Amino acid sequence: MFNSGTVKEDISSRTRAHPAPIAVNMALVGGGAACRILLQFLTTHSLRHLSIRILGIADPREDAPGVVYGRQLGIYTTCNFKDLFAISDLDLLIELTGRDEVLHEILQSKPAHLKVMDHLSAQLFWELIKLQEEKVQCERRLTHSNRLTSVGRMASYLAHEIRNPLVSIGGFASTLLNARDLPESLRPKAEIIVKEVRRLEMVLKSLRDYTRPLALNKKGGNFNKLVSRAYVALEHELRSSGVEMHLDLDSEMPDSLFDSDLILDALVTLARKLISFMASGQKIEIRTEVCWDSIGIYLQSQHCLISPETLENMFNPFSLSDAPQGGFDLAMCKKIINDHGGDVRITSTPKHGTIIIIELPVEVDL
């Protein structure tokens with residue numbers, strides 16, 4: 001077990017003797033959301049007395065968010081934590097899975113010199129990091145909110161100025177279309193006007209919805225049940241596209257407070273977008289995962305690839321390259337998830353296919 005008192009005294013004495021930061025080589029067991037956030041924190045923050053290097057990450061899931069992020073940073077990853085014991089200069093192992101059986105196995109098999117931080121101590125570490133992350137996210141959301149407020153005012157003005165003449169144009173076109181004496185040669189043109197007016201009205205509505213603050217109606221629910229509802233909503237499209245869907249739901253999923261209708265809409269929209277890139281016969285897996293006070297929902301297709309250019313603009317509401325519904329569908333998904341305090345991102349690599357990663361906090365009704 002990790003002896004915090006001994007390590008504290010050791011570090012304190014070494015700090016007094018050596019003002020320079022002490023090098024600590026660490027490895028992480030558990031590649032979930034906690035691992036990714038810890039990596040992000042350590043790569044963007046400098047500690048005063050410690051110089052920390054992450055030398056390895058162990059998790060049986062190659063697509064775990066921390067493993068994927070660590071691999072991008074060039075960190076050694078493995079499916080078996082015992083492989084980490086071969087790292088000769090390893091000082092500390094942090095167990096991030098939160099599972100007692102994993103911790104017990106580590107303590108039973110680790111080298112004698114290797115210190116281990118258990119998941120309870122790591123959870124305290126996690127809470128401190130989360131507080132810092134929440135501070136940064138609040139600052140970003142405030143900046144984003146101020147920007148959206150300006151865009152919202154402009155959007156309201158444009159919607160008002162455009163909608164009035166648009167209604168008149170649509171009304172006159174519909175009247176012409178229903179006129180008995182309308183020449184047949186003009187009917188297709190009148191139909192185009194009516195159709196395009198409706199499309200522009202949908203664009204204005206999407207712009208207005210995107211720039212307005214969301215009114216969240218949070219109630220107690222379970223994300224596993226939400227994923228099951230999404231599967232039912234997608235059954236018809238799955239059959240027509242020839243795509244198979246499999247669910248892998250974490251049995252330890254706790255209940256949480258969230259707006260089930262909005263999160264369901266976001267989940268279904270994201271799944272539909274992934275399906276639109278897939279071919280008949282391919283498979284999509286939706287997996288849920290609990291990581292302390294947050295959950296992850298992963299939508300993955302091993303054989304589906306999306307180009308970097310498309311990925312770059314996937315959540316851009318004003319992108320012209322990927323905007324079959326006005327460009328606001330995935331932007332609204334991100335807005336819904338962000339307004340719940342979560343995040344969503346998409347990766348696509350030849351080895352792991354395309355993965356949509358949704359992270360949401362677990363909120364308890366106190």
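Colleague: Helix α8 and helix α10 (residues 329-339) pack at an angle of about 140°, with their axes 9 Å apart. Why is α8 called oblique to α10?

Modeller: The angle of about 140° makes α8 oblique to α10, because angles under 35 degrees count as roughly parallel, over 145 as roughly antiparallel, 65 to 115 as roughly perpendicular and the rest as oblique. Such angles run from 0 to 180 degrees between N-to-C directions of axes fitted to C-alpha atoms. The model is predicted, with pLDDT of at least 70 needed for local features and 80 or more for side-chain atom pairs, while totals for chains, interfaces and linings use all residues. Residues are numbered from 1 along each chain, and side-chain values use heavy atoms, without hydrogens and water.

Colleague: Which residues of α8 and α10 meet?

Modeller: In α8 they are L262, I263, A266, T269, L270 and K273, and in α10 they are D329, L330, C333, I336 and I337 (contact means heavy atoms within 4.5 Å). This contact has eight nonpolar, one polar and two charged residues (Asp, Glu, Lys and Arg count as charged).

Colleague: What makes α7 roughly parallel to α8?

Modeller: Helix α7 (residues 223-241) and helix α8 (residues 260-276) pack at an angle of about 30°, with their axes 9 Å apart. That angle makes α7 roughly parallel to α8. Among the α7 residues in this contact are L226, A230 and L234, and among those of α8 are L264, L267 and A271. The contact of α7 with α8 divides into twelve nonpolar, two polar and four charged residues.

Colleague: How many cavities of 30 Å³ or more are there?

Modeller: The count comes to three (a cavity is a set of points on a 1 Å grid where a 1.4 Å probe fits but cannot get out). The second largest cavity holds about 40 Å³ of space.

Colleague: Which residues line the second largest cavity?

Modeller: They are F223, L257, F258, I263, H340, L360, P361 and E363 (lining residues have an atom within 4 Å of a point). The lining divides into six nonpolar, one polar and one charged.

Key:
Helix = DSSP H or I, 4+ residues; strand = E, 2+ residues; numbered from the N terminus. 1 Å grid on protein atoms, 1.4 Å probe; cavity = no way out; pocket = protein on both sides within 12 Å on 5 of 7 lines; lining within 4 Å. Points joined across faces, edges and corners; volume = space filled by probe spheres on them.
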